[in-house]
Structure formats: C-alpha cells, structure tokens
Amino acid sequence: MIITANEIRKSFGHLEVLKGISLEVTEGEVLCIIGPSGSGKSTLLRCLNRLEEIQSGDITVIGENIVQAKNINKLRENIGMVFQSFNLFPNYTVMQNMMLAPLELQKMTRKEAEEKAVALLKKVGLEDKKNVYPHTLSGGQKQRVAIARALQMNPKIMLFDEPTSALDPEMVEEVLKVMKDLAQEGMTMVIVTHEMGFARDVADRVIFMDDGYIVEEGTAQEVFTAPKSSRCNDFLSKVLSARTH
Amino acid sequence: MYYFQLFRECFPSLLSGLYLTIVMAIASIFFAFIIGVVLGLFSISNSKALRSFSTAYIYAVRGVPLMILALFLYFGVSSILEIRFNPVVAAILSLTINASAYMAEIFRGGIQAIDVGQTEAARSLGLGYLKTMQKVILPQAIKIMIPAFLNQFITTLKDTSILSVISVRELTLNGQIIIARNYLPFEVYSYVAVMYLVIITGLSLLSKKLERKLSYDNHGKRN
C-alpha cells in the first residue's frame, strides 16, 4: 500500500467534515473520489499531504506516518499536488515556476532541473511557453504547467483537487489528456473530480463520498453502472442528466 | 517683489532644515521597515504570544500622539537615565517607533492579500515556511505594499515637523527661528509650506507612477 488512511476524523470548528474515513491506495492505482459539494472529498485529499491536520486517525504515505512526521517537507517532495485554481507563482516565468523547488531544495543542479523542466513542458505540449509569465496563459495551459511543476519533483504520488473545475469547457480535454497519459505511465493518482466520463475511463477504483463518509467504493464499472446505495444513485443520475442537457 | 527677495534670504537656512527633515524621514522609515517586517510576521504567526505582542505594540504606539512620544523620550527618559539625548537621535527614535506600528499593519495586510493557494502550492512542493515566505509570498506581497510604504513615508516626512518641539533643527523649527528674528510669519510660513508641498507632491507622483507600473496587468514580459 502506498497510501493507508485509518479512521481519520477532521473538523473545522464544530463542523465535522470527515467522520472516520479509511482508505487504501496501491502503487500505480488511479483512484477517483466523487461526491456532492461539501461531502469532504477535497478535505480528505488535503489531509493526505497534511495541508489539513486531522483530529484523530492515522495516515501512512510511502511508508511514513504523515500525521506525526517531523520533516513533513521531505515527505511532500514525493507527493505532487495539483489545485483547482492552478496556483502558479505569478512572479516567476513558467521555467522559474518549475525550477524553484528543485533548486531551492537542492534536489538537482541547475542544468538537470532545466533539462527536466523542458522535457516535462514538451510532454504537456507547452515547450514554447517556457519563458512566459503565467498571466499570459489560458486556464488549460496554466493547469498543464501546474501538473508539470508537480512532476518536476519526481513525486511517487499525484493528488489532484478538482483540476478541471475552474476551466472553461473547451480547455477541460487538454488537461484530462495529460492526466490520462500520466495514468497510463503507471503514476499513482488520487483525483477529486466532477468529470464522470474521465473517472469512468481512467479510474481503477472510484469512491463516492457524502456527508463525511465513504458511501460507496468499487471499480468504475461497479459504481457507475450499478451503484448499491440510493445516495450514490441519486447523485449520479443528477450529474449525468445535467451533462446530457 | 520683496516676497521673493526675502525667500532668497531665508532659503539657505530653510534648505538645511529640509535636508534634516528628509534625512530623519529616510532613516526612520528604514528602521521602521525592519521592525515592521518583524512585527508583521509576528502578527501572522501561529504563536499566540507573538501575535499578542505585536497587537499590543501596535495599539500602544497608535494610541500615543507622536508629540507626546517625542517629549517623553527626549525629556522624560533622559531625565530618569540622567543622559542628554541628541535631539536628532531622539527624533529618529520617536519617528521609528511611530511608523513601525503602521508599517507592521501594512506588512500584515500585504501578506494576507496573497492568495493562500500560493502558500499551499509552495508547501506541497516541499518548500518550508521560510523559503515559501522568502521566494513566493514576500516578492508578491512587497509589490502590493510599495504604494502604502510610500504613503507612510510621506506621513513620516510631515510628522517630522512635530519634532520641532524637541528642538530638532528641521524645516519647521528653522522657519520659526527666522520668524522670531524678522516677525514675518505670513511670508516665512508660506515658504515652509511650499517647500513641504513640493517634496511631498513629488513623492506622491512617484507613488502613483510606481503603482501603475507595478499593477498586475503590466507585470512581466509579454509573449
């Protein structure tokens, strides 16, 4: 298991958003987390690299207890994260965005970092944008740079927090394409998403969350075509019918 | 005509006053910047003690008029310690303490204006708190703060006139000294006012220009 979460609970003030979640992810697996807004899926994802502290339970990532880890920064180098709002650094060019962390953390020489960054930009189809500032990029381009920036650190796991939710519809595909390629290369991925089509095509396993619980779990096939719970069924029929209108 | 002739006579003395005014303003804004950065970092830190300290400092300083602060330091503290303060040192100290509280607030506001996603992205790449601040947050925040810093500089520059009460030979006091000699307050105070006005208007225009230059749309290279 590359990720193991055991009975985790998380509250914001009096509001409990994760009510005892247990979860396992094997190496190379693509796990999609779906569910309505406010179900706790983003919070769950953010607990996996300790952007959120949990109140109880345990999380082990790549063999390290992430809740008690003394050096969380070292662990985070192995866990790439992609955000809904891209979060590129506006004061740096695309290349500088990608090279900042590996150089500051002395993981690579400047030459290595540069070569790696160029290769990754080529992979996401943005080689020609390496010297521009993020504000000149479209949403889809920004998100592809953000993915490349996360990959630059050679992570063993990639976390995606609604990576296409802030994009104009015509840009969703280009980002999903990059993620699909990544999945095919065997990257371990945990993806919070509203893209049901993508989840169906790419996910090895799908988790449906509602109200702080994991309500349903199974292969994409199982969850999408024969959901066992009525809540999951309702959610899927709403989401899927909204898509066809 | 005699108005301009008198101005020419007063000018050297007023100019040396203006010089001291500017030097004091620059020196105190420099020290206030450093203290302000530290206090600003305190006020956004996770430690409750540091946050309280910074809050208390800011409230105390903002609640005491600069003139009282200067009189207290120059006459009060020196009488207890039985030392004689150099008035310029006391003046710079007072201005620094006063401005640092406002600088701290500018600093806190600037940092908090940066989207929390920036911190999260940097931290999730494995960068530590200090590196995140230094490489990602501060470069963006300071840019936002520059107009406010210049504004504070202008305020501090004007505040130097208050320090005439502790016999600092800045622009205002030099004007008063001339008036004591020639009994022409209308003329001399108008010279003093215009000299402040010229410097401060210049700074305001500079601030406007910087603000425009640093605004986000014009940021960086275009492709």
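Predicted model: local features only at pLDDT ≥ 70, side-chain atom pairs only at ≥ 80, totals over all residues.
Helices and strands here are DSSP runs, numbered from the N terminus. With that in hand, the elements of chain B read α-α-α-α-α-α-α-α from the N terminus on. The C-alpha atoms of chain B fill a box of roughly 70 × 55 × 20 Å along the principal axes.

Two packed helices are described by the angle between their axes and the distance between the axes.

| Pair | Residues | Angle | Axis distance |
|---|---|---|---|
| H5(B) and H6(B) | 116-124 and 129-159 | about 140° | 10 Å |
| H7(B) and H8(B) | 171-182 and 185-214 | about 165° | 9 Å |

Let us start with H7(B) and H8(B), whose axes make an angle of about 165°. Because angles over 145 degrees count as roughly antiparallel, H7(B) is roughly antiparallel to H8(B). The two helices cross in a right-handed sense. On the H7(B) side, the contact is made by B:Leu171, B:Thr172, B:Gly175, B:Gln176, B:Ile178, B:Ile179 and B:Asn182. H8(B) answers with B:Pro185, B:Val188, B:Tyr189, B:Val192, B:Met195 and B:Tyr196. Sorted by class, this contact holds 9 nonpolar, 4 polar and no charged residues.

And how do H5(B) and H6(B) pack? Their angle is about 140°, which makes H5(B) oblique to H6(B). H5(B) passes H6(B) in a right-handed crossing. From H5(B), the residues B:Gln118, B:Thr119, B:Ala122 and B:Arg123 take part. They meet B:Tyr129, B:Thr132, B:Val136, B:Ile137 and B:Gln140 in H6(B). The classes in this contact are 4 nonpolar, 4 polar and 1 charged.

**Where chain B meets chain A**

Some 24 residues from chain B and 28 residues from chain A make up the contact between the chains. Together the two chains bury about 2300 Å², with 58% of that area on carbon and sulfur atoms.

A salt bridge joins A:Glu104 and B:Lys135, whose closest N and O atoms are 3.4 Å apart.

Key: Residues numbered from 1 in each chain as written. Chains lettered and ligands numbered in written order. Heavy atoms only, no water. Axes fitted to C-alpha atoms, helices over the stretch in contact; angles between N-to-C directions. Helix = DSSP H or I, 4+ residues; strand = E, 2+ residues; numbered from the N terminus. Parallel < 35°, antiparallel > 145°, perpendicular 65-115°, else oblique. Left-handed = near helix turned anticlockwise from the far one by under 90°. Contact = heavy atoms within 4.5 Å. Nonpolar A, V, L, I, M, F, W, Y, C, P; charged D, E, K, R; others polar. Buried area = accessible area lost by both parts, 1.4 Å probe. Salt bridge = Lys/Arg side-chain N within 4 Å of Asp/Glu carboxyl O.
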